[in-house]
Amino acid sequence: MNPHKPRTPLDTVPEQEGQFMERRTFLTGSMSVAGTVALAGATTPAHATTPTAPTAPTGPAAPDAGRRPHYTANRAPLRPEPFLRLPPGSITPGGWLRTQLDLQLDGLNGRMPEVSDYLDPKTSGWSVPANDGWEELPYWLRGFGDLGYVTQDARVLELTRAWIDRVLATRQSDGFFGPARLRTSLGGGPDFWPHMPVLDALRTWHEFSGDDRVLPTLTGWLKFLHAQPGTLFGQGWGAARVGDTIDTAYWVYNRTGEDWLLDLVRTMHTHSADYTHTIPTWHNVNLAQGFREPAQYGVLAGDDSFLAATRRVYDTVMNAYGQFPGGGFAADENARPGYHDPRQGFETCGIVEFMHSHQLLARMTGDTVWADRCEDLALNMLPAAFDPLQKGTHYVTAANGVQLDNVAKSHGQFDNSFAMQAYMPGVHQYRCCPHNYGMGWPYYAEEMWLASVDGGLCASLYGESSVRAKVGDGTTVTVTEHTEYPFQDTVTFKVSTPRAVSFPLYLRVPGWCGKPSVTLGGLPADVRRSGGHLVLDRRWHDGDTLVLRLPMRTTVRTWGANDDSVSVHHGPLAYSLRIEETWQRSGGTDAWPEYEVRPASPWNHALELDPRDPARSLVVERTRAHAANPFTPDGTPVRIRARGRRLPGWTTDDQDVLAPLQPGPARTTRPVERLTLIPAGAARLRITSFPTAATSAKAREWAAVTASFSGVDSPQALLMNAAVEPSGSYDQTVPRFTWWDRTGTEEWVRYTYAEPVRVGAVSVYWYDDTGHGACRVPTSWRLEYLAADGGWRPAGADAEHGTAADRFNRVAFPAVTTTALRVTAQLKTGFSGGLLAWRTEPDGPDA
C-alpha cells in the first residue's frame with residue numbers, strides 16, 4: 001500500500017476504498033453510509049425534517065373537478081406531480097435525435113448481446129437463477145427496451161420480450177426473483193441494488209405492452225423487501241441509490257393503493273444514505289442517482305424541506321466540483337477535494353443517471369431548471385461519451401481533455417488506476433458504462449413531451465418529434481413538432497385532432513432565453529407565464545399551427561472557482577475548440593473496434609476577448625452540414641469564429657494528461673490566431689473551459705512543471721494550487737506533488753516558462769505525512785535558475801533554505817530574469833518527500 005496515497009472523502013471507512021476506486025470489479029461486500037459530509041446549515045439529527053422556506057412544486061395546479069389527468073397520477077397522500085410521464089411509444093422522435101437512436105440500434109447498446117458475455121441467457125442468473133448475475137443485464141435491458149419503444153424496432157422489441165419473459169420466470173414464492181446468490185451476497189443478506197434497473201425495465205415494459213404479469217411481480221418484490229430488517233437499506237450500493245426503489249414503490253402504490261407500500265418507503269428513507277442533512281458519498285454515480293432521494297421522499301412526507309435538501313445537495317456538489325460547462329461534475333470515480341479542474345472526468349454512468357434524475361425532478365416539481373440541466377448534459381456531454389458510430393464508449397468524459405488513450409495514468413491525475421479514456425466496447429474494462437449508457441437517448445426522447453396533471457401537454461425537451469396523447473375531455477390528439485433546435489431557435493407545432501378540444505399546452509422557456517415569443521396562425525398568441533413555462537390554455541382545432549421562438553444569444557461565462565477560465569455558449573450549446581482528431585485503431589475487431597484519439601492540431605490556446613463585451617469577439621456561423629448528425633466536427637450545422645493566442649506554458653504531463661488550468665488571465669505575446677469553436681457535443685478532444693489571453697501587467701505567467709521523478713502524484717499539482725493556503729503539511733484537501741517512492745535520494749522539480757520572467761523570491765510548502773506515510777521534509781534543498789548561457793545558477797545561495805513543516809519557507813534574493821527555476825531537495829535517508837505548494841514572486845529583498 002502506498003504510504004502517502006491520496007485520501008478520498010470516504011477514508012473514514014477504509015474498507016470501502018477498493019469498492020469505490022475499482023467499481024468495475026465490485027461484486028460482493030458492503031457499502032456502509034458512514035463517512036458523511038454535513039450540508040451547510042444542517043444541524044438536526046439524521047433524517048429529521050429540517051424546516052426551510054417553502055419550495056413547493058411549480059407548474060399546473062392540482063386538478064379540479066373538470067380537469068383530471070388521463071394518465072396514472074399520484075394517489076393521496078402522495079403529493080400530485082405537475083407533470084406525468086406518457087406511456088412508452090407515445091412519442092416518435094425525428095431529426096438528429098432519431099439519427100442518434102438509429103446509431104444506437106446498430107451500435108453497442110443495440111447489439112450488446114453480440115459483445116457481452118453477461119447477456120448470455122444460458123449463463124446469466126437473470127434467466128437461470130442458479131448462475132451468477134449482477135447489474136450488467138439490468139443496466140442494459142432498461143435502456144435497450146426503451147430504445148425499442150421509441151424506435152418501434154421489431155428486433156429490439158422481440159428481444160426485449162424474450163428477456164422480460166426470462167426475468168419474470170425467475171420469480172419465487174416469497175417475491176424474490178433473479179439470481180439466487182443475490183439473496184445472501186451482501187453480508188449474508190440480499191443485495192437489492194441490481195434489481196433497481198430491472199424494476200425500471202419491467203415498469204416501462206408494462207406501460208408499453210400491458211403485460212399483466214408485471215404488477216404482481218413488482219408487488220411481490222416490494223413485499224419481499226418489506227419483510228427485511230430496515231438495516232438492509234443501509235448497506236451496499238442500494239443504500240446510496242434507494243430513490244430508484246422509492247420510485248417503483250410509488251408506481252405500484254398508484255396502481256394498487258396498498259398502504260404498506262408507503263410504510264416501506266418510510267423504512268427505506270429512514271435507514272438509507274442520508275442526503276437530507278449530509279452528503280453521504282462522493283461517488284459520482286451514487287450522487288447522480290441519490291441526491292434526489294429527499295425530494296422523492298417529500299412527495300410522501302408533504303414537507304417542502306425535503307425538496308430544499310435535494311437542491312442543497314445539488315448546489316453543494318456543483319459549486320465545489322461542477323465549475324465548468326456541460327452540466328457534469330469532476331468525479332472520475334469519486335469527487336476529491338482539490339480536484340475540480342475541468343480536466344477531471346465525469347463517468348458515463350454518471351451522465352445518464354444525472355439526466356434521469358433531472359427528468360424525474362422536472363416532472364415531480366414542475367421546475368424547468370431540471371429540464372434545462374438535463375438538456376445541458378444531453379447536448380454538451382453525452383455525445384462525446386461514445387464514438388460517433390456508438391461502437392464504443394469510454395469511462396469518463398471531461399470538459400477539457402486533449403488525448404484519449406488506453407494508458408493507465410499513475411500520477412494521481414484521476415481517481416482510478418485503470419485506463420479509462422479510449423473508446424471501446426469495454427465490457428470487461430469499463431463494465432458498468434457500456435451496459436448502462438443506452439438509457440441516455442431513449443429516456444431523453446420519452447421525456448420530450450409530458451402530460452400535465454390538468455389534462456394538457458407539456459413540450460419539455462425540444463426536438464423534431466410527434467406525440468399522440470389524450471387531452472382535455474379525453475380526446476386523443478397528435479402534435480407534430482418541427483425544429484432544428486438546438487441549432488436554430490424556431491419550434492413549430494401543428495395540432496391534429498378529430499374534433500375541437502380544450503386543453504392547456506405548456507412550453508418550457510429555457511433559463512438562458514430572455515425574450516421568447518409565440519404566434520398562432522401567424523398572429524401573437526394569448527399566453528400566460530407559469531413559472532418557467534408559457535401556457536396556451538384554449539380550444540384547439542385541427543390544423544392549428546403554433547410557432548415558438550427562443551432567441552439565442554452568444555454569452556461568455558466566467559468560472560471564478562477554476563482560475564477565471566471562460567466558456568462560450570450560444571443558446572443551450574457550449575462550444576469547444578475544434579481540435580483536429582487522429583483516430584487510431586488500438587484493438588478490438590472490425591465489427592467492434594477500439595480507438596485512441598490524439599490531437600493533430602494545437603490545442604493550447606487562450607481566448608482573446610473584448611473585456612468590455614466578450615461576446616462581441618465571437619461570430620456565429622452556419623455551415624453547410626445537415627443537422628441530422630450534428631455531433632461530429634464535420635457534421636455540425638453551427639460554429640463560432642473566435643480569436644486567440646497560443647499559450648506555450650499550458651502543456652501535458654509525461655503521461656499525456658492535460659495540465660490543470662493556472663491563474664488567469666494568462667500572459668502570452670504569441671500572435672493572434674483565428675480559432676474555430678464547435679458544439680461541445682461534437683468534440684471528442686475538447687477544450688471547453690478556456691484561459692483568457694492578456695499582455696497587461698495583470699497577466700499571469702504560466703509554467704510547465706516537470707520533475708526528476710513522479711510516482712503517484714503529479715507535479716502539476718503545484719501550479720494548480722499556487723494560491724492555496726494549506727492548513728498544514730499533511731493537508732489532504734490539497735493535491736500534492738511527491739517523489740514517492742524514491743527515498744534518500746537527491747531529486748528536483750522544475751518550472752519552465754515560455755517567456756522570460758523576473759523572480760526575486762520563492763516560497764515552498766513541504767509535504768510531510770508523519771504518522772501516516774513515508775514522506776518527510778527534506779534534509780536540505782537549493783534553488784537554481786536557468787541562466788542565459790543554458791547553465792544552472794544558484795539563487796539565494798546565502799539565504800536560509802527552510803525545511804520547516806506546516807508553513808511556507810521563503811527564500812529571497814536579488815531578482816533574476818530567467819525561463820526556468822528548479823528546486824533540488826536532498827531527501828532524508830529512508831524517506832521520500834514532496835511539496836504542497838511552490839510560489840514565485842517578482843521581487844525579493846527590495847520589494
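## Exercises on a predicted model

Gln-152 sits in the loop that runs between helix 3 (136–151) and helix 4 (154–169). Keep in mind as you work that this is a predicted model.

**Exercise 1. Find the value of phi for Gln-152, and decide whether this residue is buried, partly exposed or exposed.**

*Step 1.* Go to the loop between helix 3 and helix 4, where Gln-152 lies.
*Step 2.* Read off the backbone angle: phi of Gln-152 is near 60°, which is positive although the residue is not glycine.
*Step 3.* Now take the relative accessibility, which is 46% for Gln-152. Buried means under 20% and exposed means over 50%, with partly exposed in between. Gln-152 therefore counts as partly exposed.

**Exercise 2. Do the work again for Glu-333: what is its phi, and is it buried or exposed?**

*Step 1.* Look in the loop between helix 12 and strand 5 (346–347), the place of Glu-333.
*Step 2.* Phi of Glu-333 is near 135°, again a positive value in a residue other than glycine.
*Step 3.* The relative accessible area of Glu-333 is 0%, so this residue is buried.

**Exercise 3. Which residues does the cis peptide bond at Pro-77 join, and which residues does the one at Pro-486 join?**

*Step 1.* Find Pro-77 in the loop between strand 1 (37–38) and strand 2 (83–85). Its cis bond links it to Ala-76, with omega about 10°.
*Step 2.* Move on to Pro-486, in the loop between strand 11 (475–483) and strand 12 (490–496). Here the cis bond comes from Tyr-485, and omega is near 10°.

**Exercise 4. Describe the largest pocket: how much space does it hold, and what lines it?**

*Step 1.* Start with the volume: the largest pocket holds about 710 Å³ of space.
*Step 2.* Its lining has 27 residues, and those nearest the centre are Arg-373, Asp-376, Arg-557, Trp-559 and His-569.
*Step 3.* Next, ask which elements give two or more residues to this lining: helix 12 (304–321), helix 14 (368–380), strand 19 (554–559) and strand 20 (565–570). Helix 14 gives the most, with six residues.
*Step 4.* Finish by sorting the lining into classes: nine residues are nonpolar, 11 polar and seven charged.

**Exercise 5. How much helix and how much strand are there over residues 457–552?**

*Step 1.* Note the record: an unreviewed UniProt entry annotates residues 457–552 as "domain: Non-reducing end beta-L-arabinofuranosidase-like GH127 middle".
*Step 2.* Over these residues the chain is 0% helix and 58% strand.

Conventions:
Residues are numbered from 1 along each chain as its sequence is written. This is a predicted model: local features need pLDDT of at least 70, side-chain atom pairs count only at pLDDT 80 or more; totals for chains, interfaces and linings use all residues. Side-chain values use heavy atoms; hydrogens and water are left out. On a 1 Å grid over the protein atoms alone, a cavity is a set of points where a 1.4 Å probe fits but cannot get out, and a pocket is an open set with protein on both sides within 12 Å along at least five of seven lines; lining residues have an atom within 4 Å of a point. Grid points are joined across faces, edges and corners, and a volume is the space filled by probe spheres set on the points. Helices (H or I, at least four residues) and strands (E, at least two) are DSSP runs, numbered from the N terminus. Ala, Val, Leu, Ile, Met, Phe, Trp, Tyr, Cys and Pro count as nonpolar, Asp, Glu, Lys and Arg as charged, and the others, Gly among them, as polar. Buried means under 20% relative accessible area, exposed over 50%, partly exposed in between (1.4 Å probe, protein chains only). UniProt positions are given in the numbering used here, feature names are shortened, and annotations may be inferred rather than shown by experiment.
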